[in-house]
Structure formats: structure tokens, C-alpha cells
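Hello,

Here is the structure for you to look through.

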Amino acid sequence: MWHTGNIYIITGIAVIGGGLFGFDIASMSAIISTQPYLCYFNQGPDGPGYNDMETCSGPNSSTQGGITASMAAGSWLGSLISGVISDRLGRKTAIQTGAVVWCIGSIIVCASQNIAMLIVGRIINGISVGICSAQIPVYLSEIAPPSKRGRLVGTQQWAITWGIMIMFYISYGCSFLSGTPAFRVPWGLQMIPAIILFFGLLILPESPRWLAKHGKWEDAEQVLAITHGHGDKNAAVVVRELKEIRDEVEFYSKNSDVTWTELFKPAMLNRVHIGAFTQIWAQLTGMNVMMYYITYVFAMAGLKGNNMLVSSSIQYVINVIMTIPALIWIDRWGRRPMFLVGALLMMTWLFINAGVMATYGHAAPKGGLNGIAAESWVMSGAPAKVVIACSYLFVASFAPTWGPASWIYPPELFPLRVRGKAVALSTSANWAFNFALGYFVPPAFENIQWKVYILFGVFCATMFVHVFFLFPETAGKTLEEVEVMFTDKKGIRYLGTPAWRTRVVKRGADGDLLNEKKAHGTHHERSSDEETGVLQQVEK
């Protein structure tokens, strides 16, 4: 079957899987405040069947947290099993499996008759999101040239932002429908991108590194040729890349098959810890709180009805637009600066919000605003506008930093033989914390109110310190060079080259290092003697 070699077409189709996560976020955030949803899944105390009020309270805060978090629970499971599927059947097949599972989950969610059925459908949807979110970055990192890897893998996050924005406006439009179609229609439309993803993957090539690992060297060479060498198997970049893959595969083929326990051996444990905490910190920024529950925040700031929904949608537009600079310059900026700057900025906006709410707001009446317990604080006037503005600035700070970088970074950390399982484990940490936060936040807004912002601000301060000392730079390095960096004998035992001494490696479009050869290739743009040694080891 014919396969495209255009790396941008490959990326554009593959990252539709990221859009599924975005669709799920918005299909919940845009709907949880609408009366058709609140009345159909109502648990009181207000609404028909409970009292004479025409408006409904909807699920209580703990139940709503469970409904929201159920998707993340499924994603945790999906990300773990994705490594096994991916390593055995291929990166493409794993993603296609996710697309099929998504359609099954969407059918159940769309047909939900009660809260239990809704939760089951969202868990199945979550399994799909877990598979796709773990394996799409792996697939793209293994097929992309080093000079474009950050940009291409980062489009996973951009696809998520597009999915959020598109689905939010679809849900907003459907909110004008009467009765259950207001939420059943958008939940049913979620299947469309998954169907496109499944059939689009048929024209994409398999990962050359996965093919090589399974002994399909001719296929691997052909994929490298069409994606990196314009169809020329003898192109320098193809020959070099194939040699690096061959050296790595041959080295690891001398060892036994990888098991989960290998990820927890001393030589690999540091990388597993970095990959897992990259995903954990991305959750503890509080960004998904903004995505899922922004309507609660804006309701507390005094916005109501359509005005609240339209104002909430602005942050999704900001999210899409502000991700673009990262896609253009991420391989020039590097991963570490994005993590550090993003953590610092988000911490600032979170602490400002906490201070303003504590100083100028007050507790809502018992039972919360509009009968929703999580809407537990009241703001008005200029302070409310400050909270709204800082919420927008928070999203604008996350979108070009932790948003794309947290998906790009983990697949770059691990050697080929453990990459599928290791990235799956890292991504499972994302979903475990996504579940915890999705469940925790509604009761937290109800019980500790504005202090929620203090909590996430402290997390941002902590991640800044953690990244500075332990997260090395991977931008511009081939996946094989990253492996040598972590095993640098001149560095710290089990850590390799100290993180604060690593820098971006600059490469040309052909994959060669800029200013690579001076005096027969003895000069390289590296940040330290350790890293110079790393490159020399790779070249040997």
C-alpha cells in the first residue's frame, strides 16, 4: 500500500488522536453548567422532583468530580496497556486501536441513561485517550528528523487545543437545543475525528525504529528514505540515521527482552523519574482545572449564562494561538527554558488570583451560587476582572511552555528497547494525577475556596526548582545522543551530564550540526566538556 513520506502530513493525521483529548475536555466543560445536563443528571437539592425551583442543581460536587475524573481513570489504564500494544503490534496499530475504542466509548456516552452509564462511557473514552496520548509522541519522535522533532511532537498539544476549542463551540451551539439533544449531539459528534484518524493512519508509514527493532530493515530504510531523504536511500541523512538505529538495536539485541522491572533499575530510574514528573508537573500546574472547571471560576467572578460561556471560550482561543510560537521555535528555545519560564509565570498569575480573591471576595451563600456548591466564592467589579484576566494570562503562559514541552520531552529520554513501555509509564502518571485533580477540584472549591490557587502556585514554585537541577536539555540531540548523555561517565553516577550544564544542540535542515566541522569535525556546539565527549562517543 502507498505511504506518504511528507512529515507534515504524517504529523497532521497522527495528532488527530491528541484532538480526542481536547474534544473530551470541552464536551464536559461546556456542558456541566447547562440546564439540560444539570436536570437530566440532577441529584438535588434544587429542581423538579426535589422542590419547586425550575433550575436544577445537577450532580453534587463529588459526583461531578467523579464524572469528570472517570475519563482520566480510563486514560491511566489505557496509557499502561499502550506500551504492550505498541511494542508488539506497532505504533500505528496502537493508535488505530485507540481510535476504535474511542468510538465505542462515545456511543455509550451519547446514549447515557444515568450517571453510571455516563461514567462507564467516559472510562472507555479515557482508555482511548491514554493509548493515543502515550503512543503518538513516541511515533512522531521516532519518525521525525532531530531538527524538527520538537516542533512535530509539539503539534500533539496544538491538536489538543484545537480539539478543545472546536468542541467547546459545538457544545455551545448545541446548548440552544432543548432537552437531551443539547448534550447528546456533541457527545455523538466526538466520533468523527476518531473515524478520520483510523482511516488516515492507513496511508502513514510505520515507525522506522519499531521496524528495525523487529528485524524489518528494508522497510525501515524505505521509511527513512521517504521521510528524510526524498526517496533516496543513499542520502547522507538516511545512511547516518540508519547506522545510529542499527548500532542501538544491535547493542540491545544482545540483552534479554525488556521487562517492566528494567525501568526501575538504577541506570534507568532517573530517566523514569524525569519522564513521570514531566507529566505530573504538567497536571499540577492547574491547567486542566482551568480547562474543565473554568465555568465555575467565571461564575464566581460574576458572569452568567451565555456571557459566561463566551468568556470561557476566549481562553480556548488563547490556548490555540499561544501554542503556535512554541511549534515554531521550540527546537531553538530548548526544553529547559520552556519549563522554567512557564513555571515562573504560572506561579505569578496563580498567586495574584489567590491574593485578589482573598482580599476582595467573600464566601457564597450556603449551597453555592446557582445551587452549585463548587461555586463557593463571590467576586464583583474590578477585582473580578483581575481574576478573569489572570486566568487568561495563566493559559497564555502554559500554552507555549509546559503544554507542548510536556509531550515532547518524555519520548526523548529513553532508549529504543524500553521507549514504548517507559513513555506509557510516564503518561500513566499524567492520567493518575489528572484523575486525582479532576475529582479533587470541585470539592476543593467548595471547601477551601480561593486557597486552591495557593496550592497550585506552590506546585509551580516546586517544579521550577526540580527542573533546574534534574531535567537535562534534549533539544537538537538525536535519540541516540540523548542515550549517551545519560550514561556519561564523566558526569554524575546514574544521572549523566549535570542538567544545568546541558544546552540546545543546533542542527541544519539536513540534520548536520551547525559549525560541525572545523579541523575535521573536532568542534561542536556543545555546552560542556562532558557533552563534547558524548558526541565523540556517538561518532565512534
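This is a predicted model: local features need pLDDT of at least 70, side-chain atom pairs count only at pLDDT 80 or more; totals for chains, interfaces and linings use all residues.

Buried means under 20% relative accessible area, exposed means over 50%, and partly exposed lies in between (1.4 Å probe, protein chains only). Residues are numbered from 1 along each chain as its sequence is written, and side-chain values use heavy atoms, with hydrogens and water left out.

**Cysteines**

A disulfide is a covalent bond between the sulfur atoms of two cysteines. Here it is called when a pair of cysteine sulfur atoms lies within 2.5 Å. That rule gives 1 disulfide. It joins Cys39 to Cys56, with 2.1 Å from S to S. The two residues are 17 apart and link distant parts of the chain: Cys39 sits in helix α3 (residues 35-40), and Cys56 in the loop between α3 and α4 (61-89). Helices are DSSP runs (H or I, at least four residues), numbered from the N terminus. The torsion about the S-S bond is about 95°, so the disulfide is right-handed. Cys39 is partly exposed, at 32%. Cys56 is buried, at 3%.

Cys103 is buried, at 17% relative accessible area. Cys174 is in no disulfide either; the nearest cysteine sulfur, in Cys110, is 11 Å away. Cys174 is buried too, at 9%.

**Helix packing**

Two packed helices are described by the angle and the distance between their axes. Axes are lines fitted to C-alpha atoms, for helices over the stretch in contact, and angles run from 0 to 180 degrees between N-to-C directions.

Take α7 (residues 149-174) and α18 (residues 402-413). Their axes come within 8 Å and cross at roughly 130°. That makes α7 oblique to α18 (under 35 degrees is roughly parallel, over 145 roughly antiparallel, 65 to 115 roughly perpendicular, the rest oblique). Contact means heavy atoms within 4.5 Å. Among the residues making it are Val153 and Ile160 of α7, and Trp407 and Ile408 of α18.

Now α6 (residues 115-143) and α19 (residues 416-447). The axes come within 9 Å and cross at roughly 140°. These helices are therefore oblique to each other. The contact includes Val129 and Val138 in α6, and Val423 and Trp431 in α19.

Best wishes
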